[in-house]
Amino acid sequence: MSAMRFSESVTGTILDGVLVVTIDNPPVNAISAHVRQGLVEALDHAAALGMVVGVVITGAGRTFVGGADIKEFGKPPVEPTLPEVIERIESYGKPVVAAANGAALGGGSEIALACHGRVASDKGNFGMPEVKLGIVPGAGGTQRLPRLIGIAAAIDLIGSGRTVKATEAIALGLVDSVESDHLDAALSLVHDLAGEPLRRTGMLEVPVSEPADVDAASKKVLSRARGQTAPAEAVRLVKAAAHVELKQGLADERATFVRLRDSVESAALRHVFFAERLAGKVEKLDNVTPRKIEIVGIVGTGLMGAGIAVAALTSGHRVIGVEQTAEAAKKGRERIAGILDKSVQAGRLAATVRDECLARLAVTADAGELAAADLVIEAVFDDLPVKTELFQRLDGIVRSDAILATNTSYLNPDDIAAATAHPERVVGLHFFSPANIMRLVEVVACKVTAPDVLASVLAFAKKLGKLPVVCGVTEGFIGNRIFSAYRREAEFMVEDGAAPHEIDAALEAYGFPMGIFAVYDMAGLEIAWARRKRQAATRDPKARYVEIADRLCETGRFGRKSGRGWYDYSSGERAADPEVTALIEAVRAAKNIEPRSFTPEEIVERLLKAMADEGAALLAEGIAARSSDIDLVMINGYGFPAHKGGPMFVAETQKDAKP
Ligand code: 3H9
């Protein structure tokens, strides 16, 4: 029978007496208004056809249903709503079975939950990532999921927003079966269910959970919330499912969903979601074909080089690590193997994958081996003569079509490129430490970097599972330049009267995992001190300069490693130190500064403004292409709370809010 069209994105075919309804709304089959309308039309159609025994719902392409259409949020509602569609599915007179061909996320999982049976392909996966968008499920997820899998497991899934593969979904009781021919299995299930009393998820009793398990699951979710509202609301709603009627639970869920959807927190997280999809997109590269990158050379296998090597290995690349001596090469290999081993111990990597990675790894003292590399990343000491000499040497070793990348944090990659015979093949790849864990990579386009070189490293970074943000050349690139402005402002406030621990407490209350002075101590103060000493001769003598950090270093306070920095760590804990207070007071007195007090709000406001002002300068200079890129850098590299959207988002929303 030919396909029936129920709306622009929903079609149906009758197979073996069952209406197979396919949602085809690329790219991810989000439940846009026409999908909801099409589903209702399809259900009406199948209800009226006596020969149809039931319905299968599936998705076209790689996704079952990627969730509600986030682009519709904030627009006037269009009937039917998703809860209405879902209510229709659950109360339907004939069996409805979900055949999850791929990801069933958010509203996609909620559709599946309302069906009378669920079959997944081996590529099927399930999740309710709503909390990551600052909302709770809004179409029954918090009430139906616990009825299927219990309160504790539902708190874990909804509160964390994590996705489970088909095998875990089956163990949890979320799906009935996983089949390679999921469609065929779904058709059989419809026939099995036809004529039997239907198992309506919303009517099920919530299985009894161990209170200790519920407590543990809730605590885990809340401990990771970092000031975000949605996870606690999700926990509350799931717990309520155990003791309120479905109708009441659904009403509470819907009201909470609507309230959170309209919150600044959700707007911020949606901004981050779309910013991530936009990052690394460069219009002028649309028609540029990236070069193939399979073999990656890494010069320097210290902490940074080893982390980059692990990221490249676990994403399927061959890696050639290069060190200066055979002894250092042996240590480098051990370092890389050690990181892989830790990942296996932590359950993040299968032992077989680690073995495959090690089989693709060579670490050598013979730089000549880099002749095989498609891309060479330098991760050696951040010193210009060292790097230029290395790049000149690489020029004579690598193939003419190989790409050379520098991982410098502060040097000018244009200077490094200029020292080579082919500057157009040089690019910056600024990874963050530990490079195997941190998602952010600043991809630095030098003055003469060739478009296909840029396109190639962007594709490479994405293959590594990283979040690449393109930027131009400036001291510290996007992140460290903003960080410097932020640090400068924090030091101004300390000189003017705020205590470092007050500033840190204000930042932590705002949602940063750690305040700036604690971060400073963790990173170590000596590298920035050395840089300041180098810059002293060229510093504008009229610009305000705070000497406190220099004084700390002069007394051997280099941060956590040395047991003392902005704080004292001698008790094993971070503690404010009267010696530092005295030192700060002496600096203030020498400058005749009368200390004043700062409220936490003022502290945060001034620091956010410093970041946003520097961000605006980066945009004006063309270093960053879009303000959302700047937000991503601060969120993924510097602990800015994602649920606040980033410094640029905050500045823009505040500007919009002003009359
Ligand atoms: C929800 O369901 C609420 C309900 O409980 C209640 C409702 C009443 N909507 O990530 P990709 C776009 S909330 C609109 O690169 P992948 C995305 O912007 C929702 N657009 O693909 C991008 O556009 P562009 C809960 C969406 O293959 C394109 O699709 N669901 C949506 O790497 C490709 O995206 C979620 O939170 C959407 N829901 O990964 C799931 N999703 O090409 C969010 C994606 O213009 N989505 N787009 O840049 C994902 O996690 C991933 O997109 C997915 C595919 C895993 C599905």
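**Strand β18.** I began with β18 (residues 440–444), where five of the five residues are buried. L440, E442 and V444 cover one face and V441 and V443 the other, and these residues are all buried. Buried here means under 20% relative accessible area, with exposed over 50% and partly exposed in between, using a 1.4 Å probe and the protein chains only. Helices (H or I, at least four residues) and strands (E, at least two) are DSSP runs, numbered from the N terminus.

The model is predicted, so I kept in mind that local features need pLDDT of at least 70, that side-chain atom pairs count only at pLDDT 80 or more, and that totals for chains, interfaces and linings use all residues. Residues are numbered from 1 along each chain as its sequence is written, and side-chain values use heavy atoms, with hydrogens and water left out.

**Partners of β18.** Which strands pair with β18, and in what sense? β17 pairs with β18 in the antiparallel sense over four bridges. β19 (residues 467–471) pairs with β18 in the parallel sense over five bridges. Pairing requires that DSSP finds at least two bridges between two strands. I followed V443 across: L429 stands opposite V443, and in β19 the bridge partner of V443 is V470.

**H430.** Next I looked up H430, which lies in strand β17 (residues 426–431). H430 has 4% relative accessibility and therefore counts as buried. What does the side chain of H430 make a polar contact with? The partner is the side chain of E442, at 2.8 Å. A polar contact is a pair of N or O atoms within 3.5 Å; within protein, one must be able to donate a hydrogen and the other to accept it, and residues adjacent in sequence count only if both atoms are side-chain atoms. Leaving aside neighbours within four places in sequence, the contacts of H430 include N407, L440, E442, F477 and N480. Contact means heavy atoms within 4.5 Å.

I then checked F477, one of the contacts of H430. F477 is in helix α18 (residues 477–496). The phi of F477 is near 55°, a positive value in a residue other than glycine. At 1% relative accessibility, F477 counts as buried. N29 also has a phi near 55° and is not a glycine. N29 sits in the loop between β3 and α1 (33–48), and at 2% relative accessibility N29 counts as buried.

**Cis peptides.** I noted the peptide bond from S433 to P434, which is cis with omega near -5°. P434 is in the loop between β17 and β18. The bond from E79 to P80 is cis as well, with omega near -10°, and P80 is in the loop between β5 (63–65) and α2 (82–90).

**Strand β3.** Five of the six residues of β3 (residues 18–23) are buried, so β3 is largely enclosed by the rest of the structure. β2 (residues 10–15) runs antiparallel to β3, joined by six bridges. β4 (residues 54–59) runs parallel to β3, also over six bridges. β2 and β3 form a hairpin with two residues between them, and D16 in the turn has a positive phi of about 55°.

**Helix α5.** How many of the 10 residues of α5 (residues 151–160) are buried? Seven are, so α5 is largely enclosed by the rest of the structure. Among the buried ones are I151, I155 and I158. Their cover includes α4 (141–149), α6 (166–172) and α8 (211–223). Just after α5, G161 takes a positive phi of about 75°.

**Ligand.** I finished with the ligand, which 27 residues surround, the closest being A68, G107, E110, E130 and R277. A residue is near a molecule if one of its heavy atoms lies within 4 Å of it. A polar side-chain atom of E110 lies 2.7 Å from a ligand oxygen atom. A backbone N or O atom of A68 lies 2.8 Å from an oxygen atom of the ligand. Helix α11 (264–278) gives the most to the shell, with three residues.
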